Amino acid sequence: MYSADHNNDVIALIDSSRTNLSKVVYQFSAAGLESPGMFKAHDTYYFIASHKTAYLSNNDVMYSASNLSGPWSVQSYVAPFGTRTWNSQNTHELTIKGTESEFTMFMGDRWVYPDLPNSTYVWLP
């Protein structure tokens, strides 16, 4: 998964050497998104991305599908609208498997612009 060509997010397969793309599986065209992340819970894939707002937080969006090639759901929001994804931008999703259950943790950058060295992270299940 990567973001390119004016931030059109792409899901692709790589070759056995892990150095080249072998097939584009799906492209979120004209979405204008960056900072893509994806995880799978049960039989559903979730794709999370941020709007292009540089270091300013925004309402990150999420799509879901049962297959990587789609169809993908209509865009929804990761966090309650207006919270600007808890004042962060998507960085990573970490699935934690316990002995009885599992959950996925949202991990976001909380940029402090222009004082970037004082930026922090937001981790929420």
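Helices (H or I, at least four residues) and strands (E, at least two) are DSSP runs, numbered from the N terminus. By that rule, the protein chain has one helix and ten strands. This is a predicted model: local features need pLDDT of at least 70, side-chain atom pairs count only at pLDDT 80 or more, and totals for chains, interfaces and linings use all residues. Residues are numbered from 1 along each chain as its sequence is written, and side-chain values use heavy atoms, with hydrogens and water left out.

**Overall build**

- Along the sequence, the protein chain runs β-β-β-β-β-β-β-α-β-β-β.
- The radius of gyration (taken over C-alpha atoms) of the protein chain is 15 Å, close to the 14 Å from the globule rule for 125 residues, so the chain is as compact as a globular protein of that length. The globule rule is 2.2 Å times the number of residues to the power 0.38.
- A box of roughly 40 × 40 × 30 Å, taken along the principal axes, holds the C-alpha atoms of the protein chain.
- Of the 125 residues, 32% count as buried. Buried means under 20% relative accessible area, exposed over 50%, and partly exposed in between (1.4 Å probe, protein chains only).
- The accessible surface of the protein chain is about 7,800 Å², and 54% of it belongs to carbon and sulfur atoms. Accessible areas come from the Shrake-Rupley method with a 1.4 Å probe; for residues, only the protein chains shown count as cover.
- Among contacts (heavy atoms within 4.5 Å) with a separation of 6 or more, 30% join residues 24 or more positions apart.

**Strand pairing**

- Two strands pair if DSSP finds at least two bridges between them.
- Four strands form an open sheet in the order S4-S5-S6-S7, with antiparallel pairing. Its edge strands are S4 (33–41) and S7 (76–77), each pairing on one side only.
- S6 and S7 pair in the antiparallel sense over two bridges. Val61 stands opposite Tyr77 in S7.
- S2 (residues 8–14) and S3 (residues 21–28) run antiparallel and are joined by six bridges. Ile14 stands opposite Leu21 in S3.
- The hairpin of S2 and S3 has six residues between the strands, and Arg18 there takes a positive phi near 60°.
- S8 (residues 89–97) and S9 (residues 102–110) pair in the antiparallel sense over eight bridges. They form a hairpin with four residues between them. Thr95 stands opposite Thr104 in S9.

- Tyr55 lies in the loop between strand S5 (44–51) and strand S6 (61–65).
- Tyr55 is partly exposed, with a relative accessible area of 36%.
- Tyr55, Trp111 and Tyr113 form a nonpolar patch on the surface, with about 330 Å² of accessible area together.
- Patches are made of residues with over 30% relative accessible area and no salt bridge; like charges are joined within 9 Å, nonpolar side chains (Val, Leu, Ile, Met, Phe, Trp, Tyr) within 5 Å. A salt bridge is a side-chain nitrogen of Lys or Arg within 4 Å of a carboxyl oxygen of Asp or Glu.

**Pro71**

- Pro71 sits in the loop between S6 and S7.
- Pro71 is exposed, with a relative accessible area of 74%.
- Leaving aside neighbours within four places in sequence, Pro71 is in contact with Ser64 and Ala65.
- Pro71 and Tyr55 are 16 residues apart in sequence and 31 Å apart in space, C-alpha to C-alpha.
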